[in-house]
There are 2 protein chains.
Amino acid sequence: MPHRDGRSRGADMSRRDGPPRMVRVLAPASVSNLGCGFDIFGLALERPGDEVVARAVEGSGIVSVSVSGDGGRVPTDPERNAAALAVQGVLDRTGSEAGVAIEVRKGIPLASGLGGSAASAVAGAVAADVLLGSGLDRTALLECAMIGERKGSGADHADNAAPSLAGGFVLVLPGLPPRMVMLPTPSDLVLAIVHPALEVETRRARTILGDTIPLKAGVEQWGNAAGLVAGLMRDDWDLIARCMRDAVAEPLRARLVPGFEGVRDRALAAGAVAAGLSGSGPTVFAICRTRDNAEAAALDMAGAFREEVGVESDIIVSSVNREGARILECS
Amino acid sequence: MPHRDGRSRGADMSRRDGPPRMVRVLAPASVSNLGCGFDIFGLALERPGDEVVARAVEGSGIVSVSVSGDGGRVPTDPERNAAALAVQGVLDRTGSEAGVAIEVRKGIPLASGLGGSAASAVAGAVAADVLLGSGLDRTALLECAMIGERKGSGADHADNAAPSLAGGFVLVLPGLPPRMVMLPTPSDLVLAIVHPALEVETRRARTILGDTIPLKAGVEQWGNAAGLVAGLMRDDWDLIARCMRDAVAEPLRARLVPGFEGVRDRALAAGAVAAGLSGSGPTVFAICRTRDNAEAAALDMAGAFREEVGVESDIIVSSVNREGARILECS
């Protein structure tokens with residue numbers, strides 16, 4: 001996160017001779033929900049991530065949008081592109097009439113449940129902020145990123161954007177303005193991530209939930225959410241394991257991910273502390289206590305997808321990204 | 001809490017010449033829910049409390065039950081009395097065939113939302129445990145108390161029994177066996193409690209909730225429950241204030257407590273950090289940062305009940321009880 005003091009690093013750019021002409025920002029993928037935290041918990045990964053390059057160009061507003069690494073599937077229409085919408089959010093917020101050309105380099109697989117729209121939006125917001133020297137604070141940047149993600153995925157919550165922006169394990173309190181509460185994670189926590197060659201459309205994953213939930217499931221969910229926070233803050237692995245369970249979304253969404261239960265069970269059998277759908281899936285995450293364990297769990301999960309559903313998976317083994325979005329280049 | 005090492009103080013009684021013949025235990029009132037923690041959060045008060053005297057007598061099982069301080073309204077039938085049911089739970093669990101006479105001294109107003117059934121049950125369980133020297137651990141005692149509370153109020157959750165037993169601010173994880181997670185509270189926290197001359201029947205307060213809740217309210221609730229734990233563990237009063245709100249039960253239960261919204265608003269206007277229904281009401285609690293502030297908030301809340309509804313209220317200003325159930329006498 002380039003804004004530890006609540007100010008943008010764009011302010012530092014005053015040491016340069018004039019404002020930057022080009023800024024390149026990397027924003028990491030993230031696992032949201034994390035069992036019990038539907039729409040409120042997110043955790044940033046070391047990799048993969050999306051990059052956004054923002055360039056100062058002639059004209060006013062968003063002059064061009066290009067996307068690579070997406071197989072041609074991400075819209076380049078500024079009204080529908082998450083990064084462009086976030087950049088526009090920064091322009092609107094600061095009243096800037098600068099011209100900006102945007103290049104999005106997708107590193108996060110599409111529709112994977114790893115927060116790709118959010119990462120593009122975060123990278124766009126941070127890049128624009130630095131390019132314009134606007135010095136927006138973290139909450140403002142998050143709000144701009146949320147504009148981008150909202151149109152990209154229909155989501156009106158920041159459980160992917162917040163960790164992608166700030167790094168670490170983040171609780172996002174519902175309501176406006178969004179408030180991020182940074183939570184510690186055990187230093188030895190490693191994630192095993194398996195992304196099968198399946199796609200789950202985010203909107204469909206949301207409509208399947210309906211508008212109401214059983215009260216009993218709700219009690220379990222807020223008990224577990226509360227317990228997970230205590231577990232994280234105390235490094236209490238038993239408590240983390242007991243609480244990182246989803247009583248609300250996963251039971252319904254599991255049917256959109258063939259083989260999910262078997263894959264999750266395989267992760268637990270391999271020694272993972274907890275496992276579940278990343279966001280709306282189809283990616284499955286497992287929380288592990290060592291890298292060796294995470295590697296074993298990831299292979300076993302991928303094996304289960306292969307045996308049960310006949311699909312191959314990409315595997316990611318990642319520590320927690322504690323930095324969030326990062327400026328890679330500024331010139 | 002007389003069981004800090006997980007063993008009953010009954011074990012200490014071996015220093016006596018023979019087992020005790022009489023044990024008197026005080027278990028404190030408690031505020032449950034605390035805004036966002038329906039069925040999972042509870043907080044013990046310094047006062048009032050219920051006492052249970054358990055005596056070893058001729059015969060087997062529960063030989064007699066008497067109750068004072070209740071205006072004749074608490075059942076003395078051992079099958080319906082919370083303390084007696086908890087004592088029976090201890091007898092059953094330990095296989096004891098001892099005879100026990102039970103005397104319940106109610107100090108907590110009935111149907112007030114201050115955990116009276118739970119306190120009687122806890123006091124009964126602890127008294128029986130010490131009388132019999134059975135040395136049950138905390139979880140076992142809680143389970144015995146829950147038997148008592150379940151029949152007394154229809155409740156199948158330990159959000160009052162747990163703090164009454166263990167003291168402090170307790171998160172009770174749903175599921176069996178119940179797991180208590182002790183949470184810290186800011187040392188300066190003082191509660192203002194106002195118990196109006198109204199009654200809310202616990203069962204009615206539960207049926208009004210129905211079986212389902214809006215998903216949106218659920219997200220708010222588990223976000224706030226998670227945030228409240230972080231706020232308590234960090235002594236972050238701003239976070240506590242933002243999160244100690246009930247999106248689920250209070251909006252529905254408020255209609256059972258005439259004047260509630262005005263009373264709550266008066267507490268906040270008087271400087272309370274948060275305020276809400278204690279359990280199912282009609283008692284209203286307010287969390288304050290100083291005793292002076294709590295006294296002012298309590299008077300203002302009682303004034304609001306008087307002005308808006310024409311009822312008088314009992315006022316309690318209490319710090320957090322950090323000890324839980326306490327053995328007052330053992331001979």
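Chain A is divided into domain 1 (9-182 + 321-330) and domain 2 (190-319), with bounds that come from an automatic or database domain assignment. The model is predicted, so that local features need pLDDT of at least 70 and side-chain atom pairs count only at pLDDT 80 or more, whereas totals for chains, interfaces and linings use all residues. Residues are numbered from 1 along each chain as its sequence is written, while chains are lettered from A and ligands numbered from 1 in the order in which they are written.

The C-alpha centres of domain 1 of chain A and domain 2 of chain A are 25 Å apart, and 24 residues of domain 1 of chain A are in contact with 33 residues of domain 2 of chain A, contact being defined by C-beta atoms, placed from the backbone, that lie within 7 Å. On the side of domain 1 of chain A that touches domain 2 of chain A, at least two residues each come from strand S1 (22-33), strand S2 (37-57) and strand S5 (169-173) of chain A; here and below, helices (H or I, at least four residues) and strands (E, at least two) are DSSP runs, numbered from the N terminus. S2(A) gives the most to this side of domain 1 of chain A, with 6 residues.

The contact between the chains involves 31 residues of chain B and 30 residues of chain A. The elements that give two or more residues to the side of chain B include strand S2 (37-57), strand S8 (212-214) and helix H6 (215-234) of chain B, and H6(B) gives the most, with 13 residues.

In chain B, an open sheet of 4 strands has the order S9-S10-S7-S11, with antiparallel pairing. Its edge strands, each pairing on one side only, are S9 (274-277) and S11 (313-319) of chain B. Neighbouring strands of this sheet are turned by 15° against each other on average, direction ignored; axes are lines fitted to C-alpha atoms, for helices over the stretch in contact, and angles run from 0 to 180 degrees between N-to-C directions.

Strand S7 (residues 190-196) of chain B is joined by 5 bridges to strand S10 (residues 284-288) of chain B, antiparallel to it, and by 7 bridges to S11(B), again antiparallel. Towards S10(B), Leu191(B) has Ile287(B) as its bridge partner and Val194(B) stands opposite Val284(B); towards S11(B), Pro196(B) is partnered by Ser313(B). Because 7 of the 7 residues of S7(B) are buried, this strand is largely enclosed by the rest of the structure; a residue is buried if 20 or more other C-beta atoms lie within 10 Å of its own, exposed if 12 or fewer, and partly exposed in between.

Helix H9 (residues 260-269) touches S7, S9 and S10 of chain B, and its direction makes about 160° with that of S9(B). Helix H10 (residues 291-309) touches S7, S10 and S11 of chain B, its direction making about 20° with that of S7(B).

The buried residues of H9(B) are Phe260(B), Val263(B), Arg264(B), Arg266(B) and Ala267(B). Seen down the axis of H9(B), these residues fall within an arc of 160°, so they line one face of the helix, the arc being that of the directions from the helix axis to the C-beta atoms. What covers them includes S7, S9, S10 and H10 of chain B.

Ala249(B) lies in the loop between helix H7 (237-243) and helix H8 (250-253) of chain B, and is buried, with 27 other C-beta atoms within 10 Å. Leaving aside its neighbours within four places in sequence, Ala249(B) is in contact with Asn33(B), Phe38(B) and Leu209(B).

Terms used: Two strands pair if DSSP finds at least two bridges between them. Two residues are in contact if their C-beta atoms, placed from the backbone, lie within 7 Å.
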